[in-house]
Amino acid sequence: MTDHVIGVDIGTTGTKTGIYDREGRLVGEAFEESILRYPRAGEVEQDPGEIFSSVVNTVREAMSRAGLAPDRIAAIALDGQMAGIMAVDADWRPVTHYDSWLDTRCAPWLDELRPHEDDIIRTCGMALAFNHAPKILYWRDHPETWEQIASFVQPAGYVAGKLAGLKGTDAFMDRTYLVFSGFGSGEHAVWNEELLARFGLTTEKLPKIVEPWHIVGSVQQEWAEAMGLATGTPIAAGCGDQSANVLGGGLVDPGVVFDTSGTASVFATVIDRFGTDTTYRCLMTCPHVVPGLYFPMAYVAGGGLNLRWFRDTLSPREKAEWEGLGVNPYDELAKAAGAIAPGSEKLIFLPHLSGRNTPNDPDMRGAFLGLTWRHEKPHLVRAIMESIAYEYAFYLRAVREIAPGYDPTFAVNIGGGARSEVFRQIKADTLGLQYRCMDREEFGTLGAAIVAGHAVGLFPDLSETARRFAGKTRVVAEARLEITAAYEPYVDSYIDALETLSPLFGRMNRRLSDKA
């Protein structure tokens, strides 16, 4: 009896697999941490082989924990990182590393794209950033690699294709990724051939565009045995990780604000028409898995990654001690930050350690501003958390100005960072919004699993299934209006700091690069 589905979430910090029954109950899960490599400043890579192995390993472990027979699995779908890209050859072998969305080496190619930015925004739904378009141009100008490329794909698509034994001519991309493509239409789900031609490109090396629930193939015997699945298990195309989070969170109705607190910190809302932000250039209009819906969002590339950096680089001794006691280091860091008054004693952190993405500013860097001898590690941790709230406040201002009458009263918080009471309260206070969470903690794998079930007919109605599985929200933080008012000058100062320091970082980067 095929009555369970598998969703796999290929994130930046790790790969997670969840197995769900027809009622949305999680019956088995597993996680494996990613290996990120930093060859040089601004460069962030992942090995496609390691990404693939992480999927095989976590599916096998989740199946073991679930105790299910292989023939109980109706289908599998994968979601993954949306803004980065990689390439395969004619035999589906990786031609490039996974060119991560955190990698900024494609920055010089943004200059070639910039004169066409308005057309790109109106077509794909977002301003220029370190996403597919500049990365494709980067590889275009590396002829030895370019000649080997049969198609560009995302990590989730690469893994699905390898599991199914696909060839380069079978490459696919589901439509939810198109907002990051630069060359695709987010509204019509087609490649913009006229725009491609401006850069000497065609659709030759681009994948076909499919619906998330399109069956791309089935699990081949070698990988079925390795994962504990039945040979021939259907594989759905899947979707982008944020799209999976939105679906898995039951966010299928216009108007709700949601905050995905993961490696990236993502702020978004659901709308029922395609509209683009040509004024602030910070919002990207992403296609929802549910047809006819979109979710404008903006994000800080290293939101959660900044806390990981602080934990590993500035607090390694404490991390070792806490882990030795069986204590979560993030919980201890948050506890210490919670004892610091709002504003961190006039300390402001700029969270863009690898450049700013929305709006795009490759020269931007991270910084602590206002340091004094009074500041200790807890102040720094709180300032890191507050920086995300300040960035969100900028996004919310942009949404309210381009959508008159838009006035949300609450935000739904999902992702790993949603477990932090301190972090939730900081954002609620800064934004003046009530914060809500759900009893579920995992949404990405659930969203992918819903797509898998829809692909084989288990879940005919995507919206109804998502609402039912997500369940009701619960209030976890109320905005304290006096603190909201106190945070306003911090938000203004944060925005001022970004505008003031951006040209300074640009001059500094160019000056130091000339001396390197």
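Author: Strand E9 (172–174) gives three residues to the lining of the largest cavity, which is the largest share of that lining. Helix H6 and E9 are the elements that give two or more residues to this lining. The volume of the largest cavity is about 40 Å³, and the structure, which is a predicted model, holds one cavity of 30 Å³ or more.

H6 spans residues 155–164 and lies across strands E1, E5 (73–80), E11 and E12 (234–240). Its direction makes an angle of about 145° with that of E5. The sheet concerned is open and has six strands, in the order E3-E2-E1-E5-E12-E11, with mixed pairing. Strands E3 (26–33) and E11 (215–218) are at its edges; each has a single partner strand, so one side of each is left without a neighbour in the sheet. From one strand to the next, the twist averages 20°. Within this sheet, E1 (residues 4–10) pairs with E2 (residues 14–21) in the antiparallel sense, over seven bridges. Glycine 7 has glycine 18 in E2 as its bridge partner.

A further open sheet is built from seven strands in the order E15-E16-E14-E13-E19-E20-E21, and its pairing is also mixed. Its edge strands, E15 (284–287) and E21 (473–477), each pair on one side only. Direction ignored, neighbouring strands of this sheet are turned by 35° against each other on average. Between E14 (residues 265–269) and E16 (residues 294–300) the pairing is antiparallel and extends over four bridges; here serine 265 stands opposite valine 300 in E16. Helix H9 (residues 241–248) packs on this sheet, where it touches E13 (257–261), E14, E15, E16 and E19 (410–414). The direction of H9 makes about 120° with that of E16.

The helix contact comes next. Two packed helices are described by the angle between their axes and the distance between the axes. For H10 and H12 (residues 329–338), the axes come within 11 Å and cross at roughly 95°. Angles of 65 to 115 degrees count as roughly perpendicular, and H10 and H12 are therefore roughly perpendicular to each other. On the H10 side, the contact is made by Leu307, Arg308, Phe310 and Arg311, and on the H12 side by Pro329, Tyr330 and Leu333. By class, this contact has five nonpolar residues, two charged residues and no polar ones.

H10 also takes part in the second largest pocket, giving six residues, the largest share of its lining. The elements that give two or more residues to this lining are H2 (107–113), H10 (303–314) and H17 (481–515). About 910 Å³ of space lies in the pocket. Its lining numbers 36 residues, and those nearest the centre are Gly42, Thr104, Leu353, Ser354 and Arg365. Divided by class, the lining has 16 nonpolar, 10 polar and 10 charged residues.

Conventions: Residues numbered from 1 in each chain as written. Predicted model: local features only at pLDDT ≥ 70, side-chain atom pairs only at ≥ 80, totals over all residues. Heavy atoms only, no water. 1 Å grid on protein atoms, 1.4 Å probe; cavity = no way out; pocket = protein on both sides within 12 Å on 5 of 7 lines; lining within 4 Å. Points joined across faces, edges and corners; volume = space filled by probe spheres on them. Nonpolar A, V, L, I, M, F, W, Y, C, P; charged D, E, K, R; others polar. Pairing = 2+ DSSP bridges. Axes fitted to C-alpha atoms, helices over the stretch in contact; angles between N-to-C directions. Contact = heavy atoms within 4.5 Å. Parallel < 35°, antiparallel > 145°, perpendicular 65-115°, else oblique.
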